[in-house]
Amino acid sequence: MKRYEQFSHTADIGVRVFGRTLEELFENAAFAMFDIIADLDGLKGDITRDFELTAPNYEELLISWLDELLYNFYTKGIIFYKFEVTLVSADLINAKAFGRAVSDNRNRLKTEIKAATYYNLKIIKKDDYYEVDIIFDV
Amino acid sequence: MAPWNGPLEKIDEFRWRIPKSYMNGMRVDGVIYADDKMIEDIRSDKAAEQVANAAFLPGIVKYSLAMPDCHWGYGLCIGGVVATDIDTGVVSPGAIGFDINCGVRLVKTNLKEAEVQPKLKDLVYALYNDIPAGVGSKGDIKVSAKEERELLVEGSKWVVEHGYGRQEDLEYTEERGAIKGADPDKVSQRACERGKNQAGTLGSGNHFLETQVIDEVYDETAAAVFGLEKGQITLMIHSGSRGLGYQVCDEYSKDFIRCLSKYNINVPDRQLACAPVKSEEGKAYLGAMKCAANYAWANRQCLMHLARLVFEKIFRISPKDLGMDLIYDVAHNIAKMEKYDIDANEKVLCVHRKGATRAFPPGHPELPAKYKKTGQPVIIPGDMGRNSYLLVGTKKAEETFYSTFHGAGRRLSRSAAIRACRGRSISGELEKKGILVMSSGRETLAEEAPEAYKDVNEVVSVVTGAGISKKVCRMRPLGVIKG
């Protein structure tokens, strides 16, 4: 299954993310974001970070998750490329992200994402997978 | 994408109305500034829908406005202007944008094109080397946590006092580079952390620093006041509040979703989450937004200072002879408290401008003494292959809460621009036109290719036709640094 695809948005970058489970949807959304930020091809890392996040619903949880990773990218200088998400409940996730320091990989950086937005955000359950459109402000 | 099929009623040659009957919940009409040709571009994405969505905001006064460079964003469209009554209305971070006080400044020089051409390559390389740009770049200014709080309150003044520029630069910066009411206690630790190393960095995407030449003067009198004439070299800087502003908008957008139920507010898009201007939440956001705005003015002040040093180095002339005076610096993503006569009563409104420029008319009390007769300079960057403009505000712009457009406005998405440029050398094409470009981002030049934008000359003709701004002069790019 395709992890995500980009769709046209005039000012910003839109992605349609897919996942067989909500966990996979969250993982693929994070992958899509870093795939836009940097060239992840062949990237191997030695950094792992654990996260525990809460929000009132899945959509806000998804944006909190992406924001948390962006914050770590900008302030700790880590490019993340692999994600393991466990949904504990509708308002809590545990996650692990694998990454590598930006410092050795500056030439991989492509696009500055300012934030993930809530614009028209809706996680949709299809027959056997989930889908969500996310607009990134770039 | 299917074109937008909602109602657009032609008011006159330059104005279109979305009647409030379009959606249940719209409190006022939407009004879009465009001509017949441009309205088709506007219909091609969802900008008009976002103009209608913003008409839901409580306390909105008169209409939800969009300038001719408007295009699809998130929350309010880019190019949107929304004024709310501060007693009954709301403030919405999504109607201001993540890049709080993204804005432009224009700097004059005493140089003529003939003096710059032989050294243009050296100049562009040196600007590219000496001015931090691109994803993850770090700035020149190292501040402690305490100093960062001072910078958030004092803005441009703080950096000038630390050696980045001159006192008189403050006179020609909107709000003198430090809007009052900034409250660093309302800026999170995380936002401060994201801003800490980024003061004095250009950023990426559409942010740029451009050396230009004035190729047409329309208003000799106003141009003379600004010290400008045909053939003269100018410098334009476009940047914002970097990670600090993005984090502020992010956190308050999230918190304000909670305010929608708390204050019983109905908006059709979560990114338009808002809180009453005078609520605790509203005041907190405004205190933080002002910090981000001050940070952005400080940032552009630093960038200008670094650029002045490069010019001095390349042309080996003294700052005095170089004459790199700031003409003006103006925000185009911000909310400001401004007084207007509404139904014969003076009211203070919270004017949200997202991708729109404040444009005060001649005589306005907030203008620097030197510009009282001309009106406020309106600085409009075009795309990197065509023109940029300097205009001034007009009395007529009272109808737009003294607001006007902010640029050419995107026409193509970034991915569509990259597709259109595949196999082409954008820098090569521009070089043939006499324009040197350098960029740190791999795909920035394709994303920012001239054809990705509307023709700024057409957008200018709409705002001047509608009478909400007046042309002073036009610039042509010579050397462009992109993030």
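Tutor: A residue is buried if 20 or more other C-beta atoms lie within 10 Å of its own, exposed if 12 or fewer, and partly exposed in between, with C-beta atoms placed from the backbone. Helices (H or I, at least four residues) and strands (E, at least two) are DSSP runs numbered from the N terminus. The model is predicted: local features need pLDDT of at least 70 and side-chain atom pairs pLDDT 80 or more, whereas totals for chains, interfaces and linings use all residues. Residues are numbered from 1 along each chain as its sequence is written, with chains lettered from A and ligands numbered from 1 in the order in which they are written.

Student: Why is helix H2 (residues 47–54) of chain B called largely enclosed?

Tutor: Of its 8 residues, 8 are buried, so H2(B) is largely enclosed by the rest of the structure. Among them are B:Ala47, B:Glu49, B:Val51 and B:Asn53. The cover includes helix H1 (36–43) and strands S2 (15–18), S3 (29–33), S4 (63–74) and S5 (76–85) of chain B.

Student: What makes H10(B) and H11(B) roughly antiparallel?

Tutor: The axes of helix H10 (residues 242–262) and helix H11 (residues 280–315) of chain B come within 9 Å and cross at roughly 165°. Axes are lines fitted to C-alpha atoms, for helices over the stretch in contact, and angles run from 0 to 180 degrees between N-to-C directions. Angles over 145 degrees count as roughly antiparallel, under 35 as roughly parallel, 65 to 115 as roughly perpendicular and the rest as oblique. The two helices are therefore roughly antiparallel.

Student: Which residues of H10(B) and H11(B) meet?

Tutor: Two residues are in contact if their C-beta atoms, placed from the backbone, lie within 7 Å. Residues including B:Leu244, B:Val248 and B:Phe256 in H10(B) meet residues including B:Tyr285, B:Met289 and B:Ala292 in H11(B).

Student: How do you know that the radius of gyration of chain B agrees with that of a compact globule?

Tutor: The radius is taken over C-alpha atoms, and the globule rule is 2.2 Å times the number of residues to the power 0.38. For 483 residues the rule gives a value near 23 Å, and chain B has 21 Å, which agrees. Of these 483 residues, 61% count as buried. Chain B has 16 helices and 19 strands.

Student: What makes chain A agree with the globule rule?

Tutor: For 138 residues a compact globule would have a radius near 14 Å, and chain A has 14 Å, so the values agree. Chain A has 2 helices and 8 strands, and 43% of its 138 residues count as buried.
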